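Please read this report alongside the sequence and the structure shown below. It takes up a few local features in turn and then turns to open space in the model.

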Amino acid sequence: VTINGADSQMYSEMAGRHRAHPNTIQIINTATVAAAECKREHVKEMHDSKLKYPVIRKMPLVAKRLRATFTAKRPTTFAR
């Protein structure tokens, strides 16, 4: 993570959590903090080295001539 990446993530979080506009946010100081010095719980939970996310594989797009606008069955939403 770079300082620039952290800045853009901070702008996104402030917009999402507090509805703050980027022109109303003033950055006073930036620093790289060690994992042991972190204070917030939502940051600490990302320090786990065994953290895993599901891998989503996109299905290939069906040819235009084989597509149907309306189908009688529900779509499958799981990745094959």
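## An exposed proline

Pro60 has a relative accessible area of 67% and therefore counts as exposed, where buried means under 20% relative accessible area, exposed over 50% and partly exposed in between, with a 1.4 Å probe and protein chains only. Pro60 belongs to the segment after α2, and its C-alpha atom is separated by 32 Å from that of Met46, a residue 14 positions away along the chain. Helices are DSSP runs (H or I, at least four residues), as strands are (E, at least two), and they are numbered from the N terminus.

This is a predicted model, in which local features need pLDDT of at least 70 and side-chain atom pairs count only at pLDDT 80 or more, while totals for chains, interfaces and linings use all residues. Residues are numbered from 1 along each chain as its sequence is written, and side-chain values use heavy atoms, with hydrogens and water left out.

## Helix α1 and the residue after it

The 16 residues of α1 should span 22 Å at 1.5 Å a residue, and the distance of 21 Å between its end C-alpha atoms agrees with this; the expected span is 1.5 Å times one less than the number of residues.

Arg19, which follows α1, has a positive phi, near 55°, although this residue is not a glycine. Arg19 lies in the loop between α1 and α2, and its relative accessibility of 65% makes it exposed.

How many salt bridges does a search of the whole structure find? The search finds one, a salt bridge being a side-chain nitrogen of Lys or Arg within 4 Å of a carboxyl oxygen of Asp or Glu. Arg17 forms this bridge with Glu13, and their closest N and O atoms are 3.8 Å apart.

Both residues, Arg17 and Glu13, lie in α1, four residues apart, which is about one turn of the helix. An α-helix has 3.6 residues a turn, so residues three or four places apart point the same way. Arg17 is exposed at 53% relative accessible area, whereas Glu13, at 32%, is partly exposed.

## The lining of the largest pocket

α1 (3-18) and α2 (41-44) each supply at least two residues of the lining of the largest pocket, and α1 gives the most, with nine residues.
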